[in-house]
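Here's a quick briefing on a disulfide and the sheet around one of its ends. Have a look at the model, then read on.

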Amino acid sequence: QVQLEESGGGLVQPGGSLRLSCKASTKMFSMYAVHWYRQAPGRQRDYVARIDRDSNIEYADFVGGRFTISRDNAKSTAYLQMNNMKPEDTAVYYCYVQPGGFWGRGTQVTVSS
């Protein structure tokens with residue numbers, strides 16, 4: 001069992017930035033691929049980005065170069081740096097790891113003026 005805790009969400013104005021963190025309870029964090037998902041009210045949970053244990057990275061098309069996923073295995077933590085944020089980025093952001101399929105509880109991100 002791996003516990004994940006997201007943090008760093010909040011209210012930001014359009015064009016602003018936030019950095020989300022995903023802290024894992026395992027010391028074997030380097031063996032896991034880390035995904036970020038998001039879910040807006042009334043919508044399905046959408047894939048945002050992924051970094052595997054070799055630090056290969058993928059992004060959803062909507063990211064458009066605005067987000068950067070990274071990891072610090074020594075801290076058992078992954079990050080999602082979000083820049084040039086838009087109102088449509090408003091959602092609860094979740095961290096997910098494989099193997100095992102463990103989810104965090106999410107952190108709310110609101111982009112509004």
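C22 and C95 are linked by a disulfide, with an S to S distance of 2.0 Å. Keep in mind that this is a predicted model. A search of the whole structure turns up one disulfide, and this link is it.

**The disulfide**
- C22 sits in strand β3 (residues 18-24) and C95 in strand β9 (residues 91-98), so the bond ties together parts that are 73 residues apart in sequence.
- The torsion about the S-S bond of C22 and C95 comes out at about -75°, which means the disulfide is left-handed.

**Burial of the two cysteines**
- C22 has 0% relative accessibility, so this residue counts as buried; the cut-off is under 20%.
- C95 is also at 0% relative accessibility and therefore counts as buried.

**The sheet that holds β3**
- Strand β3 belongs to an open sheet of four strands, in the order β1-β3-β8-β7, with antiparallel pairing.
- The edges are taken by β1 (4-7) and β7 (67-72); each has a single partner strand, so one side of each has no neighbour in the sheet.
- On average, neighbouring strands of this sheet are turned by 15° against each other, ignoring direction.

**Where β3 meets β8**
- Strands β3 and β8 (residues 77-82) run antiparallel and are joined by six bridges.
- Which residue in β8 is the bridge partner of S21? That's Y79.

Conventions: Residues numbered from 1 in each chain as written. Predicted model: local features only at pLDDT ≥ 70, side-chain atom pairs only at ≥ 80, totals over all residues. Heavy atoms only, no water. Disulfide = S-S within 2.5 Å. Helix = DSSP H or I, 4+ residues; strand = E, 2+ residues; numbered from the N terminus. Buried < 20%, exposed > 50% of the residue type's maximum accessible area, 1.4 Å probe, protein only. Pairing = 2+ DSSP bridges. Axes fitted to C-alpha atoms, helices over the stretch in contact; angles between N-to-C directions.
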